[in-house]
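Please examine the structure shown below before reading on. The paragraphs that follow lead through it step by step.

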Amino acid sequence: MLRIVIAEDAVLLRAGLVELLERVGHRVLAAVGDATALVRAVDAERPDAVVTDVRMPPTHRDEGLLAALELRDRHPGLPVLVLSQYVATAYATRLLGAGSADRGGLGYLLKDRVLEVGDFLDALERVAAGRTVIDPEVVRILLSRHTADDPLGRLTPREREVLGLMAEGWNNQAIAQRLTVTEASVVKHAGNIFMKLDLDPVEGNRRVLAVLAYHNNQAQQEN
Amino acid sequence: MGVAVWAAVRRRPGRFLVSWWPWRAWALLVTGAVQGVLVLVVLVVGLLVGVGLSVLGVGVLVLGWTALLGVPVGALERWRLRLVEPERLPDPHRSAARGLRGRLREPASRRELAYAAVQSTVFTAAGLLFAAALALCLLLLSAPVFILAVSPDTVMLWPGRPVAGPLDGFAASATGLLGLVVLAYSGALLAGAQVRLAQQLLGLRDADLGGRVLELTRSRARLADAFEAERRRIERDLHDGAQQQLVALGMTLGLAELELRGHDTPATAPAAALVARARGEAKLALEQLRTLVRGIHPQVLTDHGLPAAVSELAARHPVPVLVELPLPRLPGAVESAAYFTVTEALANAAKHSGADEVTVRGTLDAGTLRLSVTDNGRGGAAPGAGLQGLADRIAVLSGRLTVTSPPGGPTRLDLEVPC
């Protein structure tokens, strides 16, 4: 059972989320419609996890994301799951690039993912457990956006698959199950990935973070 | 521009006399004389009153309105001149320039005032003389009738010399007829001169046209802006309305699915399958709606600008797309036009080119957006209706869209928009 605060400006969706979460046994402490109310509710209720929309009043841009970043500052270790209408990899990298992933779970999912009720609940639980979860679609795009001299191009297809699943927040065991390989070979793939990408092999969420931050840097260099 | 009445005289001088032309010219001159007198009176009175009251401030207003007398005179003259000139003069005024200030600022108004001044003096004087001469000639022409009607002794064609009989009257008629012939030609000459003057002063000049083009360009830009705003409104409405509704529907169906799975019995299995299908259909509808919204005005473009929006396009594209767009936020209309240009170019590349790589590059340099979409396909592309529409949209922004696609490739689309 998780104690959750929800921020979502669309009334229907907010009600739907509340109903869904309560029905599967979580407790929704507060369901609010804008970022200011979200910060206030979290300060007051100290929830186990936060689910927030990116686009909220008054400007309908990235209030939810900014609120999420602020909450992570005020409550270190607070798991936050951000829902976005579109891929906007910049959001994901901003959310994950703050260097705070070792202090609690983070999630970035496309809104449509809530239709896959099971996947959504799974993701929320993984985030609450301190992992980083990135929407498969976002991962796919992050991995496909590479140039000829991009180190990602040096990965084998299987290694890219493993990297993708890592970014979605799965652990080695789960990745092995999904790819129907042994855990040992996943570990081997992971080692290759870190070597090829010239990254320190770090544990858990930070692996994803490293990849995304790396991508973020690439994008900034391009721009 | 020619003068029709002069051309008529030159073409067949003899035939001219028995045509309608002399009558038309006379009608123009005589009515012009009447009009001219009235205009002159108003001009003089307006000027005097204006100068007299100028210390009060009201006088300036009176002078201003007097200066605008040319405008109705010009309109009347353009209409009246149709008596002798089939080619109509276009109205030189701009519809937008209304009110005293607007009209005074127009060069066309000043030209019309000059015309009114010349018409009410020179042409009016000529017209009055003409009317008198015409009356005299008609009088002479009808002399025999007079002589017959009244006793010959009392008629004096020349002062102090009573006529001898009706025959003397015919001599007078001949003189009158001769006078009419002279008046026909000189009337044509004078009417033609007035037409010429009107063509110089009352018609449309390039300077007026410049203003008109500017006005048209502005109104076109306003129209484009309105369309842009409307697109955003539709996007917002769909996002807040139907899209949310569909997500909520999908969630409810997902919940139902969970519930049915929770009590898994053979009896609920078909229902669970149906609910799963319904959820899939809701998801499909949502995707279709999202595609539609993207075609109208994508949210990511509104929120994050061109680089982010093009990256999303590229990610969804079947052919690998390299995106290099180091751009800041640009005006909405520019971003939107550039985005849809890239959309169209990418769609064409995927459909026709056979390319396996597309590059989108763009820079903002000295206030000009330069964007290119290049594919390594087989080339030979003919710009379709989609690109034509985009070229129009870009032209509104004073931009330029060029497509080069030699057979064998590569196809390259270039966009240049000042912003």
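In this predicted model, B:Val310 is in contact with several residues beyond its neighbours within four places in sequence: B:Val323, B:Leu325, B:Tyr339, B:Val342 and B:Val360. B:Val310 also belongs to the largest nonpolar core, which has 103 residues. Together with A:Leu81 and B:Ala338, B:Val310 is among the residues with the most contacts inside that core. The greatest contribution to this core, nine residues, comes from helix H14 of chain B, which covers residues 332-353. In soluble globular proteins, nonpolar side chains tend to be buried together.

At 1.5 Å a residue, its 22 residues should span 32 Å, and the end C-alpha atoms are 30 Å apart, so the two values agree. After H14(B) comes B:Gly354, which has a positive phi, near 70°.

Other parts of chain B carry an annotation from a record. An unreviewed UniProt entry places the feature "transmembrane region" at residues 25-49, 55-76, 128-150 and 170-191 of chain B. What does the model show over two of these spans? Residues 55-76 of chain B are 77% helix and 0% strand, with end C-alpha atoms 33 Å apart. For residues 128-150 of chain B, the span is 91% helix and 0% strand, and the end C-alpha atoms lie 30 Å apart.

Chain A contains ten helices and six strands. Of its 223 residues, 45% count as buried.

Strands of a sheet pair through backbone hydrogen bonds, either parallel or antiparallel. At one end of the order, strand S5 of chain A, residues 106-110, pairs with S6(A) in the parallel sense over three bridges. Within this part of the sheet, A:Leu106 stands opposite A:Thr132 in S6(A).

Technical notes
Residues are numbered from 1 along each chain as its sequence is written. Chains are lettered from A and ligands numbered from 1 in the order in which they are written. This is a predicted model: local features need pLDDT of at least 70, side-chain atom pairs count only at pLDDT 80 or more; totals for chains, interfaces and linings use all residues. Two strands pair if DSSP finds at least two bridges between them. Helices (H or I, at least four residues) and strands (E, at least two) are DSSP runs, numbered from the N terminus. UniProt positions are given in the numbering used here, feature names are shortened, and annotations may be inferred rather than shown by experiment. A residue is buried if 20 or more other C-beta atoms lie within 10 Å of its own, exposed if 12 or fewer, and partly exposed in between; C-beta atoms are placed from the backbone. A nonpolar core is a set of buried Ala, Val, Leu, Ile, Met, Phe, Trp, Tyr and Cys residues joined through C-beta atoms within 7 Å. Two residues are in contact if their C-beta atoms, placed from the backbone, lie within 7 Å. The expected span of a helix is 1.5 Å times one less than its number of residues.
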